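Here is a quick tour of a protein model, from the whole chain down to a single side chain. Have a look at the fold before reading on.

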Amino acid sequence: MCQLLGMNSSKPAGVGFSFAGFAERGGRTAEHSDGWGIAFHGADSCHLIVDHRASIHSPLAMAFKESRLKARNVIAHIRKATQGDTSVANSHPFTRELWGRTWSFAHNGNLADFTPPSTGRYIPVGQTDSERAFCYLMEQLAARFAAQPARGALYAAVATIATNIAAHGVFNFILSNGDVMLAHCSTRLHYVIRQYPFAQARLIDTDLHIDFNRHNHLDDRMVVIATEPLTSGEQWVALTPGQLTMFADGVPQHAPAPNGRPRRLLLSY
């Protein structure tokens, strides 16, 4: 299956170090060689790069690794195809507009017999189950809310929709609207929080290391989400299967309580 990478930060930040290790899994240290993509959200826009080539062979991936682009929310994906051919149209992340914002989405898994009805507002361009799931999720949110809801209401709605979709198979995904990031674990998904006091870390997939103290200010804070941990020297947290977590400003905001109801982790709205 595919692998996911996400970054949510308190201020615009680069994701080049994490992406350098992640991209190695696109054909060198793992077999995810059917395309790659990345979406990074600016203050009022979302920039999308997708390629049908493996990330280790992609000039676009090489150019991104050498860039100094910064964003508060980033979603990246390396693909091992399960449904749909190897093409740009089937490369994640996917983007759509809702409530005046651009949303980005990437999925790891396989959804069997998932052909939900559509109102026609959100129509897949490619052939993947992933894009069908994203379009269905967008349609369901649009039907529930006429405008951007509060974070708690958004979390609850996405949790319900994700549970319904996950009944069809494996549904690990990362979703962002440029303000918050939501990560749903169906099988495997991890995150690490980078904040003061910062750690020193080494990438697992390539011989690169970094001392985050030399590259961050005391008030910098970010969370990096990945299918599998990208580094040693940091404390990665495994999400529980069935768990949806919302991140904002570089920390968890909501996660399920033991009784299945949303639990507020950070009182910031």
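## Ground rules

A residue counts as buried under 20% relative accessible area, exposed over 50%, and partly exposed in between (1.4 Å probe, protein chains only). Helices (H or I, at least four residues) and strands (E, at least two) are DSSP runs, numbered from the N terminus.

This is a predicted model, where local features need pLDDT of at least 70, side-chain atom pairs count only at pLDDT 80 or more, and totals for chains, interfaces and linings use all residues. Residues are numbered from 1 along each chain as its sequence is written, and side-chain values use heavy atoms, with hydrogens and water left out.

## The chain as a whole

The protein chain has four helices and 17 strands. Its radius of gyration (taken over C-alpha atoms) is 17 Å, close to the 18 Å from the globule rule (2.2 Å times the number of residues to the power 0.38) for 269 residues, so the chain is as compact as a globular protein of that length. Along the principal axes, the C-alpha atoms fill a box of roughly 50 × 45 × 35 Å.

Buried residues account for 53% of the 269. Take the contacts (heavy atoms within 4.5 Å) between residues at least 6 apart in sequence: 69% of them join residues at least 24 apart.

## The open sheet and its helix

Seven strands line up as an open sheet in the order β3-β2-β4-β1-β12-β9-β14, with antiparallel pairing. At the edges sit β3 (46-51) and β14 (237-238), each pairing on one side only. Two strands pair if DSSP finds at least two bridges between them; β2 (residues 36-41) and β3 run antiparallel and share six. Ile38 stands opposite Ile49 there.

Helix α1 (residues 16-24) packs on this sheet, touching β1 (3-13), β2, β4 (71-78), β9 (190-195) and β12 (221-226). Its direction makes about 175° with that of β1, using lines fitted to C-alpha atoms (for helices over the stretch in contact) and angles from 0 to 180 degrees between N-to-C directions. Eight of the nine α1 residues are buried, so the helix is largely enclosed by the rest of the structure. Among them are Phe17, Phe19 and Phe22.

## A run of covered strands

Now for β7 (residues 172-176), where five of five residues are buried. Asn172, Ile174 and Ser176 lie on one side, Phe173 and Leu175 on the other. β7 pairs antiparallel with β6 (residues 101-108) over five bridges, and Ser104 has Ser176 as its bridge partner.

β7 also pairs antiparallel with β8, over four bridges, and Leu175 stands opposite Leu182. These two strands form a hairpin with four residues between them, and Gly178 in the turn has a positive phi of about 85°. Next, β8 (residues 181-184) pairs antiparallel with β15 over four bridges, with Leu182 opposite Met246. β15 (residues 244-248) is mostly covered as well, with five of its five residues buried: Leu244, Met246 and Ala248 point one way, Thr245 and Phe247 the other.

## Zooming in on Thr231

Thr231 belongs to strand β13 (residues 231-232) and is buried, at 4% relative accessible area. Its side chain makes polar contacts with those of Glu234, at 2.6 Å, and Trp236, at 2.9 Å. A polar contact is a pair of N or O atoms within 3.5 Å; within protein, one must be able to donate a hydrogen and the other to accept it, and residues adjacent in sequence count only if both atoms are side-chain atoms.

Beyond its neighbours within four places in sequence, Thr231 contacts Phe17, Arg194, Ala201, Arg202, Leu203, Ile204 and Trp236.
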